[in-house]
Amino acid sequence: MSFKKDTDGMELGECTRNPGYQDEDGGGSVPDTGTGVPGEKEEEDSASVKLDSAEEYTQLKPYAGMPKEVLLLYSSQARYRVPREILFWLTVACTLTLVALTITVIALSPRCLSWWQVSPVYQIYPRSFKDSDGDGVGDLKGIQDQLHHFEYLNIKSIWISPFYRSPMKDFGYDVEDFRDIDPLFGTMEDFEELLAEMHSKGLKLIMDFIPNHTSDRHRWFNLSRTRDPHYEDYYVWADCNASAPKPNNWVSVFGNSSWTYDEVRGQCYLHQFLKEQPDLNFRNEHVRKEMIDIIHFWLKKGVDGFRMDAVKHILEAAHLRDEPQVDPNKPPESITTEWDLYHDYTTSQPGLHDLLRGWRAEMDGYSREPGRYRFMVTESYDYHEVDKTMMYYGTPLVKESDFPFNFYLLDLSHNTSGLWVKHLVHLWMDNMPRGQWANWVVGNHDRPRIASSAGQTYIRVINMLLLTLPGTPTTYYGEEIGMENINVTDSQIQDPAGKYNASASRDPERSPMQWSDDMNAGFNNKTNTTWLPVHPDYRTINVEVQKQDEDSVLSQYRSLSRLRQSHLPLHRGWFCYVHADASVFAYLRELDGLNQAFLIVLNFGKQSVTTDLSSIRELPDQLEVLMSTNQENRGKVLQKSRIPTGAGEGLVFEYYTHTRFNPNHPAQCYISEKACYLRVMDILYTC
């Protein structure tokens, strides 16, 4: 059988007849008769099918293994082509929509908070934290033994005061070797084990970096005093002699002249602190390179950040002129303390911020790996000159420190009132550059413990303040349990400042950490030795006892730390003042788009009061106490027109509302980086 070829049709390729083929009407295959002219069978086996392109081909249906020509014939039909094209374009549209949505979410999402923003910073004074070898002085292994304490408190950022090799004239702030560990604290291997263990637990280590000066036993100083050509100008030298007047009237932070005559060199060297702490000359390019190399050394070890010590003293005026006296009528020979002079030539000199920004740039080179941001905080006591402190944030174009330490809350004890606390908080918030991150400090190794200066009555409400304000709180070891200063007799004084002036001793706030009611408060369990006396109240004020008490200072601190991290309004929302009077300071924490908000009411006064917040329309009439420093008040429902608090009591109210406070009161509200919550997608976006 054969089909004639036609130009209007198409030709099917050769095929072999299937003996088992049946027609549509059920007929069997046509048998081969075996007759015909020569070549007839070959023609039949290679028959061609003539089709009219205007007619739909219906003789054959799609089947497995069909030739390409048949497949193409059917695939071009509308009933197959149209669904296929619809599916294709739907896939393209969905893909483009997902890509666009992803790009939009990324573009609109606010920056994720870094590790130094989500957790309080905890300061360890290593001599006093935990002694592991029984010599009476804390050490690195002792810190490693107590890392579980930070996990318990939900703290991720640990700042450890100096542990460099040092003669210990200023307990580590007089550095003999910036690349070594003092044997008193352990070895470099101990440090590396501590750092590795911290990182394995998700903890970050911040080191003290001391750029202003070295020890007089440092190799550089010994080479400088002998006028080695390379090291001759590593320090600040000036002509003088042992009997003649000093080069100028500059006074040390610790008192008396900032100049000491060196017999080996025959000149005076500058020291803004102890005479055993000569100031480096940062106008020397080799000194600048040495300090950058030291930064690289520790960053390569894996440290997560630096606290830059005493930065305002790094540069001095090259002309070495006398500084103006605070009291011009005071005899020059009676100028013996830093408070007698205006420090126009020894602090915050031009070029200081260029140095710090250069160090910041070096650290940024190590911050590119995800999760390994290197943190930088500066220490500078500028007192009433808050504008100088704010300069350490840098500029909108050039970054400097992540934040300078905020020491203004150290003055909390000067006046226990809500208005005073608001003033101290506002002093920072109102001067902080737009978009920067706040921080709060109420104690450190140089200042009396807040539980002693303000009183035990207020330690709970102060911790509540720290952990509910916007920004990063800093906790000095022992504040989480309410440790107080110790009394130190003249014979027990260890601090060099105290030996010059007993009333200026910093020993009282440096007593051993109180871990338990065991011998030496659990600080040293091996021998009955401690470098400073343990506070006599250690049997009742210690970590172990307070862990068992849900109403203790420690338990409250832990609950507040967890609350802060788990609720968006508390760690990145708006901060708004709502009330302040002679006793109470109250504020809101809220986030745009989120109906959850918090009201914090803190009584810093000396008596119980009732606060009326009925004028705050954005607050619901009834408020439930989520947390109180007085456990009996937790869970109570109070009227906003009558909120009672006792002296030293703090309340955290959680409430839900669709009305935000900040849009109607912009002058009373602050936020570091504005973000809004999108409930539909459960995400934050920049708004």
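Buried here means under 20% relative accessible area, exposed means over 50%, and partly exposed is in between (1.4 Å probe, protein chains only). The model is predicted, so to speak of local features takes pLDDT of at least 70 and side-chain atom pairs count only at pLDDT 80 or more, while totals for chains, interfaces and linings use all residues. Residues are numbered from 1 along each chain as its sequence is written, and side-chain values use heavy atoms, with hydrogens and water left out.

**The disulfides**

A disulfide is a covalent bond between the sulfur atoms of two cysteines. Here it is called from a pair of cysteine sulfur atoms within 2.5 Å, and by that rule the count is three disulfides. Counting bonded cysteines along the chain, the pattern reads 1-2, 3-4, 5-6.

| Pair | S to S distance | Torsion about S-S |
|---|---|---|
| Cys240 and Cys268 | 1.8 Å | about 100° |
| Cys576 and Cys669 | 2.1 Å | 120° |
| Cys676 and Cys687 | 1.8 Å | 80° |

**Cys240 and Cys268**

The torsion of about 100° makes this disulfide right-handed. It links distant parts of the chain, 28 residues apart: Cys240 sits in the loop between β6 (237-238) and β7 (259-262), and Cys268 is in strand β8 (residues 267-270). Strands (E, at least two residues) are DSSP runs, numbered from the N terminus. Cys240 has 14% relative accessibility, so it counts as buried. Cys268 is buried too, at 0%.

**Cys576 and Cys669**

This link is right-handed as well, with 120° about the S-S bond. Cys576 belongs to strand β14 (residues 574-580) and Cys669 to strand β22 (residues 669-670), so the bond ties together parts 93 residues apart in sequence. Are these two cysteines buried or exposed? Both Cys576 and Cys669 are buried.

**Cys676 and Cys687**

With 80° about its S-S bond, this one is also right-handed. Cys676 lies in strand β23 (residues 676-678) and Cys687 in the segment after β24 (683-685), so the pair ties together parts that are 11 residues apart in sequence. Cys676 is buried at 8% relative accessible area, whereas Cys687 is partly exposed at 37%.

Cys94 is partly exposed, with a relative accessible area of 46%. What about Cys112 and its nearest cysteine sulfur? Cys112 is in no disulfide, and the nearest cysteine sulfur, that of Cys687, is 16 Å away. At 64% relative accessibility, Cys112 counts as exposed.

How values were computed. Helix = DSSP H or I, 4+ residues; strand = E, 2+ residues; numbered from the N terminus.
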